[in-house]
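Hi everyone, thanks for coming. Please take a moment to look at the picture before I start talking.

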Amino acid sequence: MTELEVDIAGIRMRNPTMLASGILNETGRSMVDVTKAGAGAVVTKSVGLEPREGHPNPCVVELECGLINAMGLPNPGIDAYLEEVAVAQGSGVPVIGSVFGGSEDEIAEVAKRMASAGVAAVELNLSCPHAEGLGAEIGSTPDMVESICKAVKASVDVPIFAKLTPNTSSIASLASAAEEGGADGIVAINTLRAMAICPELGRPILSNRFGGLSGKAVRAVGVRCVYEIFDAVTIPIIGVGGVTTSNDALEYIMAGATAVQMGTAIWSEGAGVFSDVCDGLGEFMKANGYGSVEEMKGIAHR
Amino acid sequence: MPIDSGVRVFVITEQVDETPTIRTVHLDGSMHAQPGQFVMVWVPGKDEFPMSISYPGERFGITYKIVGEGTRHLSIMRPGEKIGVRGPYGKGYSIEGESILVVAGGTGMAALAPMVEQAVASSASVDVVLGARTQSELLFRTRCERAGAAVHITTDDGSDGSKGLATDKAKELLEAGDHDMMYTCGPERMIVGLLELSRTTVVPMQASLERYMKCGIGVCDSCAIDGKHVCVDGPVFSHEVLSKLSDLGRTRLNTSGGRIPID
């Protein structure tokens, strides 16, 4: 094992960086290109049972500190999307299939079809903050999270990761519930519910009014969430939210994450951010005498 | 003061009918952009969509055809009303060559007109092939002539110029002339035809592509074409890139990200 390799629920990754769901993953070819840029794994776009157009434009706002988006889970439906998944799998790095649904049965069904494509794991989107009846609306209480994880666990035989919302009073309780329900890993955090208003027009910019904030602005929240989750569960954690530099990745790892996902950083830095973060991690580990990512995991809890 | 949302608000100063189906909206501010770059136009409460900048600089304007709810609503907005704009985005035309051929189909001329003006101003000799369904739909003919380009007209119904396709006229001019660069924007099947001409005549080309777009900033993957993104890698692509795009002229993504054939 080289120093950057990590193992999450039995999935071996060449480095601890992953493409986050929702960015450059509508097509298989784009996901392959992200792996060429250095990502150790890719998460697909979140897909549901049926095609869905998502919200009308405008669905993104560019802030200096990040993005607010309200895409609204557009996707072509799981059956059509499996074609793109197959292309992504040609990259040779683990592909994690992200799924959403309006009920535990529906999520379990989408997960089952996703798993049939041979993905390394399934990520459950229990946290999208801008789609009615989906995402965070069915994943905001521990009971819901536990029963959805149980239902999915019973329908697939690959690891399942629960992606949780920070828009709650206790993300640690959600994480414990996911572990109780059989989840093999926690992904934290999804975007923070947010809004932008155009003063000259006197109205919200997003057609959906509300969206989810990502990027540098949310990193400190994400690190805090991972830190709290690490104290609450024994399953591995994947940190997401504003990772843009190797230092950001180190914060998540030392808070307790085994790996990190990046999305908005591609907008601000380009896809080269994956190899930059990995290079920086390698240099830091060498300079500070760490032999593996695992050695650094959670050390901020000492 | 920089606006921390990316959205600049402009007041509509004028709407000009260019043809029976194409209008230009002029706005009360400047937009400095390369020819071929685009902006995301937000019609408040209706839609936001990508439009190429047909008038960059001080008299900022965009030229549009009514194709959906957003453009239909834009067309009934009056001077004094406000719209939001993000951009300019993407990579425009790189103006090079001493003898250039510009091939425009339909509203494609909206993206090409600033490029024609800039090329003529930099002393290039410019042939423009302007194709439309019928005479009344020819866009920016006078504008190109006034700039100093030689304009060659083709119409589907033969009501003006040669009856037939813009690609046929382009072939004739390429074979007879000494062009060292070709620029185009228009229907994708025309671009595919011109790419083949570019290959056989060994005249390099740059073409502006169109895809359904959501974010406009290279994150959502809606405008992906073989891993390239029309919003940030394009909309203008060189023939080297175009010739490697297996989806060109064949498939595109719909609003839900499903693959559909290009007609």
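Into which domains is chain B divided? There is domain 1, covering 8-89, and domain 2, covering 93-182; these bounds come from an automatic or database domain assignment. Please keep in mind that this is a predicted model, where local features need pLDDT of at least 70, side-chain atom pairs count only at pLDDT 80 or more, and totals for chains, interfaces and linings use all residues. Residues are numbered from 1 along each chain as its sequence is written, while chains are lettered from A and ligands numbered from 1 in the order in which they are written.

Let's stay inside chain B for a moment. The C-alpha centres of domain 1 and domain 2 of chain B lie 23 Å apart. Where they touch, 13 residues of domain 1 of chain B are in contact with 11 residues of domain 2 of chain B; contact here means that the C-beta atoms, placed from the backbone, lie within 7 Å.

On the domain 1 side, strand 4 (47-55) and strand 5 (61-65) of chain B are the elements giving two or more residues. Strands are DSSP runs of E, at least two residues, numbered from the N terminus. Strand 4 of chain B gives the most to that side, with three residues.

Now, the partner chain. How many residues of chain B are in contact with chain A? It's 28 residues of chain B, meeting 33 residues of chain A. On the chain B side, strand 4 and strand 6 (82-89) each supply at least two residues. Strand 4 of chain B gives the most here, with three residues.

Definitions and conventions:
Contact = placed C-beta atoms within 7 Å. Helix = DSSP H or I, 4+ residues; strand = E, 2+ residues; numbered from the N terminus.
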